2 protein chains.
Amino acid sequence: VHNVTAPTAGAPAPALLRDLGEDDILARILPLLGSAPGTDDDLVGPGDDAAVVAAPARLVVTTDSMVRGRDWRDDWSSAADVAHKLGAQNVSDIAAMGGVANAALMSLTADPRTALDWVEAFAAGLGRWCAEAGVSVVGGDLSSAPDGVLLVSMTMWGDLQGRAPVLRSGAEPGDVLAVCGSLGRSSAGLAAYATAGSVQEADPNGPPPTGGSGLTAGWREYHRRPRPPWEAGPEAADAGATAMIDLSDGLVRDLSRVAAASGVSIDLHGAALRHVAVDELEAVLPTDEAWRHVLGGGEEHSLLASFPSGAALPQSSRRPWRAIGSVVAGEGVTLDGEPLEVVGWDHFRVG
Amino acid sequence: VHNVTAPTAGAPAPALLRDLGEDDILARILPLLGSAPGTDDDLVGPGDDAAVVAAPARLVVTTDSMVRGRDWRDDWSSAADVAHKLGAQNVSDIAAMGGVANAALMSLTADPRTALDWVEAFAAGLGRWCAEAGVSVVGGDLSSAPDGVLLVSMTMWGDLQGRAPVLRSGAEPGDVLAVCGSLGRSSAGLAAYATAGSVQEADPNGPPPTGGSGLTAGWREYHRRPRPPWEAGPEAADAGATAMIDLSDGLVRDLSRVAAASGVSIDLHGAALRHVAVDELEAVLPTDEAWRHVLGGGEEHSLLASFPSGAALPQSSRRPWRAIGSVVAGEGVTLDGEPLEVVGWDHFRVG
């Protein structure tokens, strides 16, 4: 009798984490991560109690986690997409201080029934991302989790290369507020997924799409694989940026943090936002929705910085800095002088 | 009509994480962690995109996670116990390289319905532990998780203070194998919990108990709050230790890693193990059970190191190093020359 739930003949059941020991899993994923033991006698890579790395005198450090079901859905994001996004979240925090990322520790906390394929695809994706970003994975942690839980977490550090760190607290009235990178694309992409349900993109590594539905596909791809302008952080610091933050929780929300830390108000310029972002979104979406993504959309990982009014905005990296507002006396965030409600993402607020 | 599920009059329902915003939660827990913004203009504590810390030229870094339901049970371990154990796991990895821990990043990934009380008790416990261990929490990450999930994770780094790192790979035939700290207590404590069910200890901060059932209570406490001899790691490095590892997955399992990395065999001395650990466990437990905890018990976070045969074992820290075996030519781990099966904890193996 043919059993309909039996796997196709010749297709063995995929390996699960619980089929392997911890040492075996590590032996599979470390080469994919591009991790290598220290080349110097004094430095130590993965495989001992801790790693030993060369470090600058002042270290910029940050950490970020992603949990399946909260931070990604398996039917929208591949394992490599998750790796890409986790790297992007961390590197943009380093860049927003004016630093250049060097190295990272990687943690995986997973239900033992997690497919080994997922873990290997994650490690391979992270390895590719790290090679592109110039980051080495020097160690990490592998832990088992209760049923259904899959969590990836990364701690990354970098070098200020002698720069003073650019904080959130340095913006001054008279400064120009500028963005490097896009606005609202990740949020628009997420909304497109939510509308379409479980749609798999044809080729996440393909060329950027153009045209109407191509725009939407591009936003979806940006949602899965944000590409922070990491080279623009140190560049802004060198150009005299007075405050900087990475756009992770929403433009108004993140800028309200800069405004509060600096004791100033930030006035966004509607015409500039139209040009930089709203026009593109409006090509497909209703106007109010386009504005909602631009003002409230998170996970964009673009950089926001204030510059002294006389300073030339840096134009040397792949993506230029563009003025979108000004720093004025007062508090909070306004749009063409009108108060804005703080909208955006909060991890713990519900309803 | 009186509703039996209503809270007692005058006792308000405990606050949950979802009742507060992310910024509010941070405002509650950062003071408990003892975190402070950088006192130096060039250093940055919690509250910006990333932290900026002073660093030695070579950095020892490690990371560890704990998940509720896998790594602890709420009826056995308080939030402060979990904080203590997480700190202990990380600091013993730093010590096992010969380093002194300086600073840490702390991540909490939690179901929004997690009680704020738990999170505050965790932060306060971690703050106390960090003060004792000389570690500063300089930043971290707060993320929401699916229903029921609670995960804490820490990345810690330290300073070799000019020492060469002590690896797993340096043991040589003729070396003496020594331990600093206890053996089998954490495992015996866990077994005692499993036997007794949900027993709450009277006072986890009280003096160490003595006598029969007092021994068991002491092991339980050690399981909840292991106290790695972190000062003994740098001390061993200075005394010429050729290899070192922290006892996290079981004596035989961890030593088999040293043996494999060093290309040697390690022979444990039964009489020494009796004296160091088995006798104590045998006061309460059957002989075979006592040996099982000593040879296979994990989460002890004592230090194991090999020393050249002529070297005096360090005796200066609170807990002395004691010889328990010898390094010989060959492979694997033996007990008085007899082969031992590798037993111990593997995160992913099931059944």
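This tour visits a sheet in chain B and a helix pair in chain A. The model is predicted, so that local features require pLDDT of at least 70 and side-chain atom pairs pLDDT 80 or more, whereas totals for chains, interfaces and linings use all residues. Residues are numbered from 1 along each chain as its sequence is written, chains are lettered from A and ligands numbered from 1 in the order written, and side-chain values use heavy atoms, without hydrogens and water.

**The sheet of chain B**

Select the open sheet of 7 strands in chain B, ordered β7-β9-β6-β10-β8-β11-β12 with mixed pairing. Strands are DSSP runs of E of at least two residues, and helices runs of H or I of at least four, numbered from the N terminus; pairing requires at least two DSSP bridges.

Next, select β6 (176–180) and β10 (321–328) of chain B, antiparallel strands joined by 5 bridges. Val176(B) has Ser326(B) in β10(B) as its bridge partner.

Contact denotes heavy atoms within 4.5 Å.

Move to α1 (22–33) and α3 (116–133) of chain A, whose axes are 7 Å apart at about 25 degrees. Display Arg28(A), Ile29(A), Leu32(A) and Leu33(A) of α1(A); among the residues they meet in α3(A) are Leu116(A), Val119(A) and Glu120(A).

Key:
Axes fitted to C-alpha atoms, helices over the stretch in contact; angles between N-to-C directions.
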